[in-house]
Amino acid sequence: MAERGPKVTIIGAGSLIFGRQAIWQMVHSPHLNTGTLALVDTDRSRLDRMARLARMVAAETGVALSVEASVDRRDVLPGSDFVVLSF
């Protein structure tokens, strides 16, 4: 069984520009696309939109990227290998 990739948590992931770029990087990196992308934003509708996009892109490209999303960073920070702040 293949080893899981790192968990990357992005705080402020609701930004259409930054959020899409982060998803693209996670999906297209062979070192990251078997890991977890955890998205955090205080705006629930933006967060939900980015989480749907991330799951759709991962499915379309056939990678094993797991996607988590929460408005509370404390829900997804445990186990994070990298944390990115975007504001």
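# Salt bridges, helices and a sheet

Me: How many salt bridges does the count come to?
Reply: The count comes to 4 salt bridges. A salt bridge here is a side-chain nitrogen of Lys or Arg within 4 Å of a carboxyl oxygen of Asp or Glu. This is a predicted model, in which local features need pLDDT of at least 70 and side-chain atom pairs count only at pLDDT 80 or more, while totals for chains, interfaces and linings use all residues. Residues are numbered from 1 along each chain as its sequence is written, and side-chain values use heavy atoms, with hydrogens and water left out.

Me: OK. What forms a salt bridge with Lys 7?
Reply: Glu 68 does, with the closest N and O atoms 3.3 Å apart. Glu 68 lies in strand E3 (residues 66-70) and Lys 7 in strand E1, so this pair ties together parts that are 61 residues apart in sequence. Helices (H or I, at least four residues) and strands (E, at least two) are DSSP runs, numbered from the N terminus.

Me: Does Lys 7 count as buried or exposed?
Reply: Lys 7 counts as buried, at 11% relative accessibility. Glu 68 is partly exposed at 28%. The cut-offs are under 20% relative accessible area for buried and over 50% for exposed, with partly exposed in between (1.4 Å probe, protein chains only).

Me: Where is the salt bridge of Arg 44?
Reply: Arg 44 forms a salt bridge with Asp 48, the closest N and O atoms being 3.6 Å apart. Arg 44 and Asp 48 are 4 residues apart in helix H2, which means about one helical turn separates them. Arg 44 is partly exposed with a relative accessible area of 43%, and Asp 48 is partly exposed at 29%.

Me: And what does Arg 46 meet in a salt bridge?
Reply: The side chain of Asp 43, at 3.8 Å from N to O. Arg 46 is partly exposed at 42%, and Asp 43 is partly exposed at 29%.

Me: Back to H2. What should its residues span?
Reply: The 18 residues of H2 should span 26 Å at 1.5 Å a residue, and the end C-alpha atoms are 26 Å apart, which agrees. The expected span is 1.5 Å times one less than the number of residues.

Me: Which residues of H2 are buried?
Reply: Leu 47, Met 50, Ala 51, Ala 54 and Ala 58 are buried in H2. Down the axis of H2 they fall within an arc of 100 degrees, so they line one face of the helix. The arc is that of the directions from the helix axis to the C-beta atoms. On the other side of H2, Arg 52, Ala 59 and Glu 60 are exposed.

Me: Why would residues three or four places apart point the same way?
Reply: Because an α-helix has 3.6 residues a turn.

Me: What covers the buried residues of H2?
Reply: The cover includes H1, E2 and E3, counted by contact, meaning heavy atoms within 4.5 Å. H2 lies across E2 and E3, at about 175 degrees to E3. For that angle, axes are lines fitted to C-alpha atoms, for helices over the stretch in contact, and angles run from 0 to 180 degrees between N-to-C directions.

Me: What is Leu 53 in contact with?
Reply: Leaving aside neighbours within four places in sequence, Leu 53 is in contact with Arg 20 and Ile 23. Leu 53 is found in helix H2 and is partly exposed at 23%.

Me: Now H1. Which residues are buried there?
Reply: Gly 19, Ala 22, Ile 23, Met 26 and Val 27 are buried in H1. Their arc is within 125 degrees, so they line one face of the helix. Their cover includes strand E1 (7-11), strand E2 (36-40) and helix H2 (44-61).

Me: Last topic, the sheet. What order do the strands have?
Reply: The open sheet of 4 strands has the order E3-E2-E1-E4, with parallel pairing. Two strands pair if DSSP finds at least two bridges between them. E3 and strand E4 (82-85) stand at the edges, each with a single partner strand, so one side of each is left without a neighbour in the sheet. The twist averages 15 degrees from one strand to the next.

Me: How many bridges join E1 to E2?
Reply: 5 bridges join E1 to E2, and Val 8 stands opposite Leu 37 in E2. E2 and E3 also pair over 5 bridges, with Val 67 in E3 as the bridge partner of Leu 37. In E1, 4 of the 5 residues are buried.
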